[in-house]
2 protein chains.
Amino acid sequence: MKVWELGEFGLIDLIARTVGKPSREELVLGIGDDTAAWRTGKSIQLATTDILIQDVHFNLDNVTWRDLGWKALAVNISDIAAMGGMPCYAMVSLGLPPDTEVASVRELYRGIKDIAGKFDVDIVGGNISKAPVAIIDVSLIGKASQVLLTRSAAKPGDLIAVTGYLGTSAAGCRMLKSSLKPDKSMTVLLKKAHLRPNPRVAEAQILAKNGVKAAIDISDGLISDLTHICEASKVGARVQMDRLPVHPRVKAAFKDEAMAMALSGGEDYELLFTAKSSVIDKIRKIMSTRFTVIGEITKEHSGKVTLLDRQGKTVNWDERGWDHFRSQGQEKA
Amino acid sequence: MKVWELGEFGLIDLIARTVGKPSREELVLGIGDDTAAWRTGKSIQLATTDILIQDVHFNLDNVTWRDLGWKALAVNISDIAAMGGMPCYAMVSLGLPPDTEVASVRELYRGIKDIAGKFDVDIVGGNISKAPVAIIDVSLIGKASQVLLTRSAAKPGDLIAVTGYLGTSAAGCRMLKSSLKPDKSMTVLLKKAHLRPNPRVAEAQILAKNGVKAAIDISDGLISDLTHICEASKVGARVQMDRLPVHPRVKAAFKDEAMAMALSGGEDYELLFTAKSSVIDKIRKIMSTRFTVIGEITKEHSGKVTLLDRQGKTVNWDERGWDHFRSQGQEKA
């Protein structure tokens with residue numbers, strides 16, 4: 001059997017089974033959440049790693065090295081945020097073809113520094129290797145108080161909410177790869193969403209401090225990431241499609257496709273969280289960042305996301321979201 | 001200018017300048033040592049990352065997936081050891097061509113588990129991506145007491161010592177790539193040195209607890225790694241070539257080449273350390289693992305390694321060791 005036949009998530013299950021249970025009692029979370037977590041004295045340390053590979057995750061025709069640097073760190077900061085943590089220390093493993101311009105590497109690190117400065121991350125190490133294509137693998141260590149946001153804490157009856165808009169990154173990706181030439185403000189909106197995502201660190205802090213327990217960041221796509229919550233929490237989820245927060249300009253430009261982008265596009269790096277309605281009401285009073293309630297957690301249909309139309313009828317939806325080995329026709333920009 | 005013209009170490013300097021000084025006061029060490037280090041309560045956390053890329057660091061014709069798993073974690077454990085630390089938590093970023101056999105991935109993780117079990121490392125996370133070649137990037141977090149072994153603590157008058165043998169890994173690499181067919185025990189010796197290196201965690205603990213302050217692990221090669229100590233400590237080093245610990249069987253099989261392997265071959269993952277002679281004497285009484293004094297640290301020739309022959313004459317040596325972008329003719333197995 002080949003890895004593309006098993007798929008990314010089947011492979012993760014196989015790996016988790018092969019490495020077995022961790023042994024340290026300080027370990028709070030191992031494989032299976034947005035980050036690993038372990039106790040050191042009074043605080044919790046978090047760690048995550050995410051890789052960007054040329055012609056898989058990005059295409060150098062469509063992205064500047066500086067944006068690439070931003071994004072490589074942003075996707076990791078988003079994982080730390082999704083646990084309710086603060087990012088601290090980053091290491092960068094870099095693979096480069098030998099004929100890469102030195103100026104490109106400088107730009108890459110300027111992009112890394114742009115976002116590191118904004119989120120108070122120190123770049124503390126890494127390594128550089130020759131490689132057939134450009135590879136940027138960032139490991140990020142963060143810290144959290146005793147309250148973590150996890151994938152496994154959703155409860156039946158919880159409302160499901162998401163910050164910001166969904167599908168804007170996928171729309172930006174589509175724009176970069178096509179001959180689509182929207183007006184300047186639209187171009188800026190879409191490019192920014194896709195190339196310079198803003199991880200929701202401050203928002204996650206508000207959630208963690210005000211009673212939210214379950215969250216994930218939207219990297220693979222709404223359905224896929226909500227399924228991760230359902231599987232880890234052993235619950236189901238009902239999502240009302242007409243409630244999905246799609247930016248009006250994306251809806252106008254991409255029509256029916258905008259819904260697919262919102263459901264399965266991924267890379268929005270928004271926070272998807274669940275909580276009792278009283279907690280959601282409290283968050284609404286405190287948090288200035290927009291968020292939208294899109295459905296609720298159910299006891300039934302454990303591990304599954306059910307999509308409902310305006311009339312409350314179940315909608316069948318095939319695409320789950322990004323799977324590295326199966327989504328052959330769904331290359332990223 | 002291209003990165004191969006600037007070279008790996010020039011690039012590291014440029015990156016360190018671009019990202020600038022870290023801001024956190026808890027940070028003990030950032031870019032420039034074997035690991036980063038920061039304080040959390042009473043202990044020190046260490047973090048390092050090292051990548052293996054197909055056809056750059058390994059060739060699937062010469063290495064099993066299981067050995068690859070061992071080595072990917074071993075090289076990181078060696079970095080933690082070189083700081084006097086204990087390895088704790090590992091994350092694995094994996095890039096795989098979609099037609100990779102699932103059984104190969106299982107074997108890779110069995111190899112990772114082999115060494116993780118031996119050194120009490122928990123595998124706590126990672127990610128998997130499609131990639132044009134196999135890529136294994138491991139990040140490892142460890143812990144240390146307040147005493148760290150650093151590259152910058154060597155002092156004039158210190159003796160220079162190294163554990164085990166030098167050049168055995170390079171000899172193993174040569175054997176795997178050539179038609180060389182030594183007898184079985186020799187094959188086992190060389191393959192083990194190259195494919196299943198044993199990081200010196202316990203030895204480094206003894207060094208750190210008994211007054212040694214300066215160490216590095218030998219990954220790039222003796223001259224290159226000793227130069228790192230000289231640069232970081234602002235000292236010089238004199239090495240007596242006839243004292244280098246080359247395994248008698250390697251010396252017999254590879255004759256004059258054995259010296260080049262010992263000086264520049266790299267990947268031995270032995271500990272190179274410096275200390276006052278009284279400390280070295282003490283270590284000799286305590287540590288059962290063999291180690292050899294090969295020279296001394298000098299005030300003169302700061303940042304440079306000087307090689308001396310049996311008569312005390314300076315020997316010119318061109319090859320410094322492994323540089324990812326410059327060592328075009330020096331591919332690894």
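Modeller: A residue is buried if 20 or more other C-beta atoms lie within 10 Å of its own, and exposed if 12 or fewer do. This is a predicted model.

Biologist: Start with strand E8 (residues 214-217) of chain A. What makes its residues count as buried or exposed?

Modeller: The count of C-beta neighbours decides. Ala214(A), Ala215(A), Ile216(A) and Asp217(A) are all buried, so each has 20 or more other C-beta atoms within 10 Å. Ala214(A) and Ile216(A) point one way from E8(A), and Ala215(A) and Asp217(A) point the other.

Biologist: How do you know that E8(A) and strand E10 (residues 271-275) of chain A pair?

Modeller: Pairing takes at least two DSSP bridges. E8(A) and E10(A) have four, in the antiparallel sense.

Biologist: How much of chain A is buried?

Modeller: Of its 333 residues, 57%. Chain A has 11 helices and 13 strands.

Biologist: What share of the contacts in chain A between residues at least 6 apart joins residues at least 24 apart in sequence?

Modeller: The share is 85%.

Biologist: Which domains does chain A have?

Modeller: Domain 1 covers 3-144 and domain 2 covers 159-315. Their centres are 22 Å apart, taken over C-alpha atoms.

Biologist: How do you know that residues of domain 1 of chain A are in contact with domain 2?

Modeller: Contact means C-beta atoms within 7 Å. By that test, 18 residues of domain 1 of chain A are in contact with 19 residues of domain 2. Helix H3 (65-81) and strand E4 (86-96) of chain A each give two or more residues to the domain 1 side. H3(A) gives the most, with nine. By class, this side has 10 nonpolar, four polar and four charged residues.

Biologist: Now chain B. How many residues of chain A are in contact with it?

Modeller: 69 residues of chain A are in contact with 69 of chain B. The elements of chain A that each supply at least two residues to its side include helix H2 (8-19), helix H4 (102-118) and strand E5 (122-130). E5(A) gives the most, with nine. The chain A side divides into 36 nonpolar, 19 polar and 14 charged residues.

Biologist: How do you know how the two copies are related?

Modeller: A rotation of 180° superposes chain A on chain B, with 0.0 Å of shift along its axis and an RMSD of 0.0 Å. The copies are thus related as by a two-fold rotation axis. The same surface serves both, as 100% of the contact residues of chain A recur in chain B.

Biologist: What makes strand E7 (residues 159-163) of chain B count as mostly covered?

Modeller: Four of its five residues are buried.

Biologist: Which strands pair with E7(B)?

Modeller: E7(B) has four bridges to strand E10 (residues 271-275) of chain B and five to strand E11 (residues 291-298) of chain B, so both count as pairs. E7(B) runs antiparallel to E10(B) and to E11(B). Val162(B) has Leu272(B) as its bridge partner in E10(B). Ala161(B) has Val293(B) in E11(B).

Technical notes. Residues numbered from 1 in each chain as written. Chains lettered and ligands numbered in written order. Predicted model: local features only at pLDDT ≥ 70, side-chain atom pairs only at ≥ 80, totals over all residues. Domains from an automatic or database assignment. Contact = placed C-beta atoms within 7 Å. Nonpolar A, V, L, I, M, F, W, Y, C, P; charged D, E, K, R; others polar. Least-squares fit on C-alpha atoms with pLDDT ≥ 70 in both.
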